[in-house]
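Visitor: I would like to learn how to read helix packing, a chain contact and a hairpin. Please show me the model.

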Amino acid sequence: MSNKILQIVLEGLIMGGIYALISMGLTMQYGVARILNVSHGEFIMVGAFITWMLTTMAGISPLLALIICMPVTFLIGYILHRTLYKKLKDLTPSAGAYEGNAMLISFGLMFIIQSVAQKIWGSSPQGYKYLTFSFKIGKTAIAVNRLFVLFVTIIISVIFYFFLNRTRMGKAIRASSQDPAAAGMMGIKINRVMAICFGIGAILAGIAGSLLSMINNINTSMGMNYTVIALIVVVLGGLGSIPGSLVGGLILGFVGSIVNRIDTSLYMVVFYVLIMVLLLVRPKGLLGR
Amino acid sequence: MNTNISRGRLNAKKIAPPGLSLLALILLSLLPIFVTDYTIIKINSIISFVIIAVSWSIFSGPTGYISLSTAAFYGLGMYASAILGNHLPLPLVMVISGIASFIIALIIGVITLRLRGVYFTIFTFGLVELLRNLILWLEIKFSGTRGRFVPSVDFQQVFYCILGTLAIILLISYLIKRSRFGLALIGIGESEDAAAHIGINTTLVKVLGFSISSFAVGAVGAAMATRTNYIDPGIAFNMLMSFMPVLMAIFGGMSTIPGPIIGAAVFAYLEELLITKVPEYFMIIFGAIMIIAILFLPNGLTGIAGKLFKRRKGAGKNANT
């Protein structure tokens, strides 16, 4: 019994951590840049496949591949925002219209990225072996790669926290999320900050994808599933709230790992019931303003 | 101002749209006499896209609440056809599936449309995924199958059923546009606060609008399912089906009735062409057109046409203003 509980807690922490990373990325993109980026899951997929490619073809350690992944996904996100979304912002008259159109553009991106990835990497599942041995605590076997993933997730979250709360750039980002117009008047280069936020969102997605490739098989259509989960987490924690995403991610991770024990195919249904109840009881989300 | 002056009087401008669409419908209904069976099947799919795009823009066009649940209702319609098709005639199946879609939309609306903003879009986006998982689970658990066979129906009958649905949805769309209800929807889109303050029950209007825009999708799903003889949750709940109407409406221009019709007709044809000619590039082209349409065609094709028309008329009017 106790080893079952340990297994569920550990599984919940690992998946919860990854969900939290993904959703914090989405929150950065929505909370500051006002883009509900539906192609977020595709960045996860790109991160996963870059790691897979570097590991199996170039023989690089997945940890190093993860570090290489970060600037690559950041650049993709940054350039996308600087070109596409900037153009859209200049062309749309109101903030409300921008939000709607930005979301629709990200749908277009989702299709393009997914099918380009399918052209490059095919549509069959891929995977590699990394730290696949395990050790035992009591009677519970724990795989080292899963523990490693948890460890990396915690480190990234801590770095992210300090970046947002202790650096000048973090301050600029927080100011822009509270009031973009006033932040612009204080001399913050608002377009650059938004592009950087979009890029950071892409980094977090890329890291999550990289980590996922260490513990699971990956395929080119995996993104959508994680996009839906990230959206659920973001609503659960409160739109635009970073701590909310963290808490929401962990909750969803735990719920997911409990449901997985009972019936694997039901987890999406359970998440949905959770969201329905939440929207009826507390529409702002758990930690929403 | 123009509309105020001509209210109550019959003029050519006013009866032209319903008259023209009636004429088009009559011509379409005579079509099976003249063209080959293959053309009918093709036209079937084009009309079904027109219905879906028009129903989508009944609610999402004026209010700006983007619904991504089309695939969910379409898939439900397909399942209705698979389960009931052996026992009931197609028109009845379509009605039942339409009513089921209406009720489900009502429930979703009550949960999500009380709130403003993106909650609705997020929820409808995941709805397709939810239904796919749920139905797969139910099928495996209770009926022990992954997929179902759909009883086939004579395609001429399907054609007339779909044509009937088209007539109904065009009529509804036209009536809504002219009614207080339609004005309330537009008001919500322009400023929800102001709409609430002048006494519009915004939640009720939104929920009803969404439900009305969903029932025809369920009906069309039931009719189109008869074209394929096998469905499973993966086929029935295809996410692409949710994006098609959005793209079609944006491409054609969603603030008018002809906009989505033109967009759907152009796109349905384009889809046939691309899928048969370059299937592997279909999604890339689809995404690119979506982005370009949003960036450079904010009011769609009809918007461009309207602009050209206005410019020509405006040249003569300049002296007065």
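Visitor: Which hand does the crossing of α12(B) and α14(B) have?

Guide: Look at how the near helix is turned from the far one: anticlockwise by less than a right angle is left-handed. In this predicted model, α12(B) crosses α14(B) in the left-handed sense.

Visitor: At what angle do the axes of helix α12 and helix α14 of chain B cross?

Guide: Roughly 40°. The axes of α12 (residues 240–252) and α14 (residues 282–296) come within 9 Å. Angles under 35 degrees would count as roughly parallel, and 65 to 115 as roughly perpendicular. The two helices of chain B are therefore oblique to each other.

Visitor: Which residues in α12(B) and α14(B) meet?

Guide: From α12(B) come L247(B), I250(B) and F251(B). Facing them in α14(B) are M290(B), A293(B) and I294(B). By class, this contact has 6 nonpolar residues, with no polar and no charged ones.

Visitor: How many residues does the contact take from chain B and from chain A?

Guide: Chain B gives 29 residues and chain A gives 31. On the chain B side, α5 (90–112), α6 (119–143), α12 and α14 each supply at least two. α6(B) has the largest share, 11 residues. By class, that side has 22 nonpolar, 6 polar and 1 charged residues.

Visitor: In what sense do strand β1 and strand β2 of chain A pair?

Guide: Antiparallel, over 4 bridges. The strands span residues 134–137 and 140–143. Take one bridge: S134(A) partners A143(A) in β2(A). The hairpin has 2 residues between the strands, and G138(A) takes a positive phi near 65°.

Note on methods
Residues numbered from 1 in each chain as written. Chains lettered and ligands numbered in written order. Predicted model: local features only at pLDDT ≥ 70, side-chain atom pairs only at ≥ 80, totals over all residues. Axes fitted to C-alpha atoms, helices over the stretch in contact; angles between N-to-C directions. Parallel < 35°, antiparallel > 145°, perpendicular 65-115°, else oblique. Contact = placed C-beta atoms within 7 Å. Nonpolar A, V, L, I, M, F, W, Y, C, P; charged D, E, K, R; others polar. Pairing = 2+ DSSP bridges.
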